[in-house]
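Colleague: I have a model here that I would like to understand. Can we go through it piece by piece?

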Amino acid sequence: MGCSSSLPASNAGGIGNINNDNSATDSKNLKLKLVLLGDSGVGKSCIVLRFVRGQFDPTSKVTVGASFLSQVLALEDSTTVKFEIWDTAGQERYAALAPLYYRGAGAAIVVYDITSEESLNKAQYWVKELQKHGSQDMIMALVGNKADLHEKRTVSSQDAQEYADRNNMFFVETSAKTADNINQLFEEIAKRLPRPTPPS
Amino acid sequence: MESPSLAASRVDFYGFLDRMRRPAAAGLFRSIKSFLASLSLDAEEDGARVQAFYAAMEAAFREHPLWANATHQEIDHALEGLEKYVMTKLFDRTFAASPEDAAADAEVSERIGLLQRFVRPQHLDIPKVLHNEASWLLAVKELQKINSFKSPRDKLLCVMSCCQVINNLLLNVSMSNDRTPSGADEFLPILIYITIKANPPHLHSNLKFVQLFRRETKLVSEVEYYLTNLISAKMFIVNVDGRSLSMEENEFQMHMETAKLGTQICAASLSSPQGSATSTRGLQKQTDTQGSRFPFMDSETESLTAAELKQLHGLYRQVVTRYASLSKALRKLFIDEDQLLASVDDDSSTDVKMLARDGIG
């Protein structure tokens with residue numbers, strides 16, 4: 001797989017934590033449903049595991065999966081954003097199920113692998129899907145993963161950047177292996193999140 | 001962590017009932033009773049009304065002397081008790097109550113019954129390293145429990161336990177093989193396979209019931225994610241075709257046909273043996289399905305019209321084709337043909353043997 005071995009974070013709350021209360025979103029504590037799309041093998045879950053890893057508590061016995069993870073990110077303006085990250089199965093045969101997952105999502109990360117043009121084609125398919133069926137104000141990010149494998153690169157950054165610009169997305173290349181740009185990716189999404197107007 | 005929380009929920013539930021029996025709760029209890037009596041019989045509409053009732057009762061609990069100084073958690077327990085009480089009372093009127101739901105349940109269940117016979121882990125992209133019969137069986141058992149409970153929360157717990165078992169498997173495999181977990185790319189295929197294996201009764205109605213009647217404020221985040229996965233597993237199953245299992249469409253159709261035949265054989269060998277006199281009118285009526293499946297059994301050959309002969313010829317072709325696929329299926333199943341024929345009742349086995357003798361087998 002594309003990134004070094006890592007464990008899911010423990011702060012996602014164990015499965016079965018069915019009584020977990022969802023405190024209401026206020027202007028300082030935002031909550032965001034984020035969906036991950038992209039071909040299988042591009043390292044979707046590696047990116048998320050890298051992001052939540054900072055909070056990993058080795059003493060915790062709670063086991064969680066890598067397909068749903070949540071992480072709170074504190075921003076400089078003292079707001080916090082709680083990411084609830086929904087992974088989707090990337091294999092072709094499951095593509096028709098994706099709308100069930102991105103319904104109601106405030107943000108989407110569409111991932112491809114910079115060493116695979118085919119995976120960029122798949123990413124473009126997802127972008128079109130989201131534009132057609134996703135919510136209008138969804139924040140979309142195009143992410144070229146496995147940037148550490150630059151000697152095998154087949155997708156140029158410039159092409160991807162241009163595609164992203166044309167489609168109103170922001171673009172970043174990441175390496176889940178070296179953690180390059182991983183936090184920046186989530187910070188950027190958090191910054192773009194519309195802030196609820198505080199009650200006057 | 002599931003069993004303790006289930007046990008805790010039961011304790012909470014008795015606590016809730018106890019509190020409801022107190023004189024001070026008489027007013028609350030009356031509102032619950034009158035709400036239960038007021039419901040219509042339309043599931044979607046009932047869902048909205050039940051949700052509104054939960055919200056109204058939450059406000060009533062908070063202001064009620066019985067919950068004076070209660071913590072957020074205590075109120076929450078009371079609301080869990082309320083959900084369980086209300087939905088247990090309404091269960092028969094709201095669960096699989098419409099003919100459409102019953103039909104959808106039967107359809108999904110029948111389809112899974114067929115898929116069970118030929119879908120293998122590799123058809124769904126489940127890598128070998130994740131094959132683990134013991135874990136899978138445990139997940140199957142957890143999912144099958146969904147139909148043993150009446151409250152939406154308890155049903156949802158079964159879904160969560162099933163997903164927990166799968167996640168534990170994924171985590172153990174990734175730790176012992178020093179392998180990065182692949183998230184949903186691995187989770188969803190296993191859940192679909194487990195759902196096919198489990199064929200949980202009333203899958204459609206159970207999902208609908210939880211979506212409509214679980215307290216909205218609790219159907220969020222992780223719980224919502226895993227419920228969505230089961231909903232998408234059901235959707236995959238309902239729409240499955242050759243392409244989604246990496247096989248040619250005609251190969252898929254052949255598998256489905258063969259599976260149907262296999263199911264019919266099981267049904268036939270389970271049904272009570274019939275007398276040999278199928279020609280008597282009275283018996284024909286009793287065995288209605290047999291009669292419609294084998295028309296012309298009583299007709300005199302001379303009395304058949306040309307059109308009927310044509311129809312009969314069509315049926316003959318069907319019988320031959322089915323028999324051919326049946327023999328193929330049997331060879332696959334390693335069942336001794338004679339042994340199987342002997343287990344079917346005399347009449348039909350004679351028919352099949354006759355066909356076999358006529359050079360089809």
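Colleague: Is A:Q71 buried or exposed?

Modeller: This is a predicted model, so local features need pLDDT of at least 70, side-chain atom pairs count only at pLDDT 80 or more, and totals for chains, interfaces and linings use all residues. Residues are numbered from 1 along each chain as written, chains are lettered from A and ligands numbered from 1 in written order, and side-chain values use heavy atoms, without hydrogens or water. Buried means under 20% relative accessible area, exposed over 50%, partly exposed in between (1.4 Å probe, protein chains only). A:Q71 has 5% relative accessibility, so it counts as buried.

Colleague: Which strand holds A:Q71?

Modeller: Helices (H or I, at least four residues) and strands (E, at least two) are DSSP runs, numbered from the N terminus. A:Q71 lies in chain A, in strand 2.

Colleague: In what order do the six strands of the chain A sheet lie?

Modeller: Two strands pair if DSSP finds at least two bridges between them. The sheet is open and its pairing is mixed. Strand 2 (68-74) and strand 6 (170-173) of chain A are the edges, each pairing on one side only. The order is 2-3-1-4-5-6.

Colleague: What is the bridge partner of A:L142 in strand 6 of chain A?

Modeller: Strands of a sheet pair through backbone hydrogen bonds, either parallel or antiparallel. Strand 5 (residues 139-145) and strand 6 of chain A pair in the parallel sense, over four bridges. The partner of A:L142 is A:F171.

Colleague: How many residues of helix 7 of chain B are buried?

Modeller: Helix 7 of chain B spans residues 152-176 and reaches 36 Å from first C-alpha to last. That is close to the 36 Å expected at 1.5 Å a residue, where the expected span is 1.5 Å times one less than the number of residues. The helix is mostly covered, and its buried count is 21 of 25.

Colleague: How many helices and strands does chain B have?

Modeller: Chain B has 361 residues, of which 45% count as buried. Its tally is 16 helices and zero strands.
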